[in-house]
Amino acid sequence: MSASLQTRTAAPLLQVDHLTMRFGGLVAINDLSFEARAGDITALIGPNGAGKTTVFNCITGFYKPTEGMITLTHPDGSSYLLERLPDFRINWRAKVARTFQNIRLFQGMTVLENLLVAQHNPLMIASGMTFLGVLGTKGYRESSRKSIEKAEYWLEKTGLVERADDAAGDLPYGAQRRLEIARAMCTDPVLLCLDEPAAGLNPRESLELNTLLRSIRKDHGTAILLIEHDMSVVMEISDHVVVLDYGTKIADGTPEEVRNDPRVIAAYLGVEDEEVEEVEAEVEVVAEQVEAEHKA
Amino acid sequence: MEVFLQQLINGLTLGSIYGLIAIGYTMVFGIIGMVNFAHGDVFMVGGFIALMCFMILTAWLGLAVIPSLLLVLLIGMILTGLWNWTIERVAYRPLRGSFRLAPLISAIGMSIFLANLVQVLQGPRNKPLPPMIQGNFVLMGSESTTVVLAYKQIVIVVVTVALLIAFWWLVQKTPLGRAQRACEQDRKMAALLGIDVDRTISITFVIGAALAAVAGVMYLMYYGVVSFSDGFVPGVKAFTAAVLGGIGSLPGAVLGGLLIGLIETMWSAYFTIDYKDVAAFSILAITLIFLPTGILGRPEVEKV
Amino acid sequence: MTIAAQTSLPAARAAESQIPKAAREAGFAALVMLGLSFPILALRTEQNMSNELILTSRWSWALIACIAVFIARFVQILFRSALAKTLTVFGSLVLLGGLARAAGAAFDTFAASVFAIGVALVALGLVWERRAATTPPSTRTAAERFAWFAPAKPYVAPFALGLLAAYPLLALAAVGQGGSIKWIDNFGIQILIYIMLGWGLNIVVGLAGLLDLGYVAFYAVGAYAYALISTQVIPATFPGLGVWAFWICLPISGLLAALWGILLGFPVLRLRGDYLAIVTLAFGEIIRLVLINWVDFSNGYAGISSIPRPSFFGVPFNASDEGFAALFGLEFSPIYRTIFLYYVILCLALLTAFVTVRLRRLPVGRAWEALREDEIACRSLGINTTNTKLTAFALGAMFGGFAGCFFAARQGFISPESFTFLESAQVLAIVVLGGTGSLLGVVIASIALVGGFEILRELDFLKQVFGESFDPTQYRTLLFGLSMVLIMLWKPRGLVSTREPTAFLKESKAVSSSLVKEGHG
């Protein structure tokens, strides 16, 4: 866990500065700032309705933030202001890919086709904006073959290769979640945003997911930003945790730090601001007890 | 100025008729999310029922015009409601919850069927009636132009307003209206809470048709003629009105109807009558481009 | 019947016990029919000598309608087998027709034979139902039931193509020169035009999932482009090119239509679902109304006539010495032009199919289908949805323009009457009835709808049943509308309801249409 913390590069990959998003009178995100570093797995947690998915939607361009700046800096130094890019360019140029809370696959298309659609832009160029593709030139056939190889690679990685020719809508739930990650990875992202990837998975599938995410980070150097409720996943794999409550950041640090942060506990248990200190005291007592038990 | 006032009166009258038809579109869309393409033709059938009932009452039974008209309104609403009830039951209900285009095609087929059924049964010619209500007020007179408010225009606007109030009460204050609004929000949940969704949808179709029947009577009274092909153009315009006002919104439908009526009459007066429909459709397209959910439609926040 | 019911399966007994319920339901349906038939069916408005409207009554029609509805509903509830239902209801209608004839005219041999046919059909239906009720229902899926067909599947397309190519010659051989023009023109060319339009619209509706209710506008643009350029522009500028007019204008018409598609599409394609539908419908109407009203440009309602016919690549089809017949040493006959036109539209349609098949396997085609499935996911994968929609819209429009150009050249006369909403509805119906995105489905649906529509012209024998004043052609549109409703009720997903994948790793497996989305825009 700490290995990547030590070797990380100086500039953050994603920097969110003073992000605010209002819907009419409702403030979904309020002056939020945080960073995600290259090669890290950053978790965004918080109670329901804390504004986590809204942050994702701002980063991936589905919402235009009311205020604030979202900067993405590639390892090669080029940087993009995400709040100014239209959504499709965020994926294509800035190389940010995402999955969705309620899975959005192309259900009537096969698993393989789903992964080919994800390689739309490079294939579009290879097909000479369709014209060379209609003629079936050698260059296009070559890149078409490569795109299938790449899809196959990700299918093997996610354990879906046996089902490559089945309709995506026919897959069981856990497999659909994995396919969505594979599809996002086919766009070669530098940052992968996962919206509750473990939701609805059984414990075994959850473990497999951990392995997959670790391998994505290790083998591809892709940084991961994830929203997750399953604390076993969050604590297990993330390097850095950001906690949101009512659209405001209430904690930011390593899993250890966050786990013991009384404000976080208060937010999850649902206590008023005034009671935070009380909870803080209680937590300390409990922590001591636990420690004592451990020692015993 | 006189021209403007006169066209304002004419536009509001015509707009009332469009608004009445538009409510049928907007209600059905609100509750089951389908465009009832046959609604314009249901309006035309309503016009025919009104025509024939009026003839029976006046020519065969010898009733006076005013009581006949009231009876015609009542019978027309019931019979046209029965038509729409049957159409929903036969052509739409079996397709509910399936492929979105299936009910649309079924509705287009129904629209073609209705228009041609009336053509086959009643003949292709226009059916003229002698004017039912004659006479008018002269509001403003000068040598060159006069502003005239015909009695029939008063009747149309008064009946429309009265019906809209009754209808508003029905939707806002009665259990039926509550059931209807609940179904609009979430049909599955409404069903789980014990609302008879099928019945509510049927009643929606009946109410929509009843209002279209009133529009049919008004149309017949205003123009004094009806023909089998009279469903399509007013139907499309009323649909346009519903979309312009914000489909799914009842006040929007009325507002849209009035706007389309006004655009049409004003355009005819100040520009050229030939292009009045082009003007109505163009304004629809332009409005939608800048206000994608219509004037009173709720702005959609894209759920990601 | 009662013996059988006592001895046979419970299903039959259950049916027996349903009779009172069925009778009640059928009675209710008949009552509704009675309500519907007043006044539109039971009375008729006519103009008398002094041009006043009068009413005449025909209560017998209402009575017949009520009886027919009663039987149909009764049979529908009681019977299980769809074929038995159809046979019995149809037989009852024929039987009623015979009765009506007997009551109206005289009980002659004709009425008797119609009556007998009706009885026979009803009896057949009853027998079939008895058989169906006593055999347990089949549990086989559709795929299993059509398993015998699977080995023949690869041969369907080549066979169909061969049949299409040979069709004019077969018609010629079957009914000779005089008779075959009707078959090649009214059936062959007419159906092929709709197949081409269907395939063109299929790109927009079937693949990209964009609901276009104004497709006829592009058809009109293509037709008027050819009509105006060939009658006005070419004679004024390069009269020598006259014989080549069709071949010069064909690409121009397509490009113009595509341009209009882009012009319209650019602002409206960000609208969703039904809004897009109404704007395209409005656009179709605007084009038609402008064509009607801008008389200087389009000659209004009167239309444009004497549009030059296509030449055989520069050789005109006429009786002159330079004509096609003379050149090939044949005797002059209009049939050559008809056959040539048939092959022209066949090639155009096949071009549409070829492009569609090809593009589906390219990134742009996959993006169309992905757009139909989930637009938001597309955007998250870096697909420029506006451009993707525009290409679908423009390409669909282009094929509509080609078809329009051909239509103008084939008719030699066009007017706004040919470009009404009914045309758009018909093409859309063909696409939807055919099944989402299925090319074969469009062919079947075109043959069924357009061919069926044309065949209704041939129903003169019905005059014998209903008397000389009966005009079967006026029922064409009526039956067309009715069949649209019935086919949708029968197969809401269209006739061909599976999707062929565009790429596969090991084997290509068809995707069930219940998973395929229909698009939101």
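**Terms and the values behind them**

Analyst: C:Ser298 is buried, its relative accessible area being 1%. This residue belongs to helix α12 of chain C. The model is a predicted one.

User: Why is C:Ser298 called buried?

Analyst: The term buried requires a relative accessible area under 20%. C:Ser298 has a value of 1%, and therefore C:Ser298 counts as buried. Beyond its neighbours within four places in sequence, C:Ser298 is in contact with C:Tyr224, C:Val290, C:Leu291, C:Gly303 and C:Ile304.

User: Why is C:Ser306 called exposed?

Analyst: Exposed means over 50% relative accessible area. C:Ser306 has 63%, so C:Ser306 is classed as exposed. C:Ser306 is located in the loop between α12 (295-298) and α13 (324-327) of chain C.

User: What is noted about the phi of C:Ser306?

Analyst: Phi of C:Ser306 is near 45°, a positive value in a residue other than glycine. In chain A, A:Lys95 is not a glycine either, and has a positive phi of about 65°. A:Lys95 sits in the loop between α3 (87-92) and β6 (96-98) of chain A.

User: Which nonpolar surface patch includes C:Trp260?

Analyst: C:Trp260 is one of the residues that make a nonpolar surface patch of about 960 Å². Among the others are C:Phe238, C:Trp244, C:Ile252, C:Leu256 and C:Phe313. Patch residues must have over 30% relative accessible area.

User: What is the bond from C:Phe38 to C:Pro39 called, and where does C:Pro39 lie?

Analyst: The peptide bond from C:Phe38 to C:Pro39 is cis, with omega near -5°. C:Pro39 is in the loop between α3 (19-37) and β1 (43-47) of chain C.

User: How confident is the prediction for chain C, and where is confidence lowest?

Analyst: Chain C has a mean pLDDT of 83, and 90% of its residues reach 70 or more. Confidence in chain C is lowest in helix α1 (residues 2-7), at a mean of 44, and highest in helix α17 (residues 385-411), at 93. Over residues 1-8 of chain C, pLDDT stays under 50; the model has eleven contacts for them beyond four places in sequence.

User: Why should such a stretch be read with caution?

Analyst: Where pLDDT is low, the predicted coordinates should not be read in detail.

User: Into which domains is chain C divided, and how many Å separate their centres?

Analyst: Chain C comprises domain 1 (2-136) and domain 2 (159-458 + 491-512). The centres of domain 1 and domain 2 of chain C, taken over C-alpha atoms, are separated by 41 Å.

User: What is the corresponding assignment for chain A?

Analyst: Chain A is assigned domain 1 (1-95 + 188-254), domain 2 (108-184) and domain 3 (260-296). The contact between domain 1 and domain 2 of chain A takes 20 residues from domain 1 and 14 residues from domain 2.

User: How much of chain C is buried?

Analyst: Of the 521 residues in chain C, 52% are buried. The secondary structure of chain C comes to 21 helices and four strands.

Definitions and conventions:
Residues numbered from 1 in each chain as written. Chains lettered and ligands numbered in written order. Predicted model: local features only at pLDDT ≥ 70, side-chain atom pairs only at ≥ 80, totals over all residues. Heavy atoms only, no water. Patch = residues over 30% accessible without salt bridge, like charges linked within 9 Å, V, L, I, M, F, W, Y side chains within 5 Å. Areas by Shrake-Rupley, 256 points an atom, 1.4 Å probe, with all protein chains shown as cover. Salt bridge = Lys/Arg side-chain N within 4 Å of Asp/Glu carboxyl O. pLDDT = per-residue confidence, 0-100. Helix = DSSP H or I, 4+ residues; strand = E, 2+ residues; numbered from the N terminus. Contact = heavy atoms within 4.5 Å. Domains from an automatic or database assignment. Buried < 20%, exposed > 50% of the residue type's maximum accessible area, 1.4 Å probe, protein only.
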